[in-house]
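Work through the exercises below with the model open. Try each task before you read its solution.

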Amino acid sequence: MGALLAALHRAAFSPADCWDAAAMDAVLAMPGVLVGLGRMGDEPVPEGFVIGRVAADEAEILTLAVAGSARRRGMGRALLDWMEGQMAARGAARLILEVSAANAAAQALYRGAGFSEIGRRRAYYPDGADALVLERALTDGTPPAP
């Protein structure tokens, strides 16, 4: 599965930010990891995915990727909502993630889903962009109203 996820990651991120198949396989081998694949309509090949993990009552989105051809069609939000529900069902009460300060579209997705900024990691990404650390409470697995 690592090769498929790496190919999708390449379709969604700049080369400097992509995870290769070995990195994907290493992440998938970690305890508590969940993966969701996204397809548009009857498309047989996934056009997006989300990877997260749960540890006790905390959860983290490790990456969420949607190919350019599938953007602005609700896939990112659907993947996020699905993952939030899975994490809440496993006992997570709090969800955190990091997003590039240069990625306005992703920031809009997360803020629209109820995330708020709790920190910043300076020059975190290969392009020198800061990472915004975002958080959202997970109560009953029901995503917030859009």
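**Exercise 1.** Find the bridge partner of arginine 120 in S6.

Solution. Arginine 120 is bridged to leucine 132 in S6. Keep in mind that this is a predicted model. Next, look at the strands around this bridge. S5 and strand S6 (residues 131-137) pair in the antiparallel sense. Five bridges join S5 and S6.

**Exercise 2.** Work out the order of the six strands in the open sheet, and name the edge strands.

Solution. Trace the sheet across: the order is S1-S2-S3-S4-S6-S5. The pairing is mixed. Now check the edges. Strand S1 (33-38) and strand S5 (116-121) each pair on one side only. From one strand to the next, the twist averages 25°.

**Exercise 3.** Decide how H1 and H2 lie to each other.

Solution. Helix H1 (residues 2-12) and helix H2 (residues 21-28) pack at about 120°, their axes 8 Å apart. Roughly perpendicular ends at 115 degrees, and roughly antiparallel needs over 145. H1 and H2 are therefore oblique. Their crossing is right-handed. By class, the contact of H1 with H2 has six nonpolar, two polar and one charged residues.

Key
Residues numbered from 1 in each chain as written. Predicted model: local features only at pLDDT ≥ 70, side-chain atom pairs only at ≥ 80, totals over all residues. Heavy atoms only, no water. Axes fitted to C-alpha atoms, helices over the stretch in contact; angles between N-to-C directions. Helix = DSSP H or I, 4+ residues; strand = E, 2+ residues; numbered from the N terminus. Parallel < 35°, antiparallel > 145°, perpendicular 65-115°, else oblique. Left-handed = near helix turned anticlockwise from the far one by under 90°. Nonpolar A, V, L, I, M, F, W, Y, C, P; charged D, E, K, R; others polar. Pairing = 2+ DSSP bridges.
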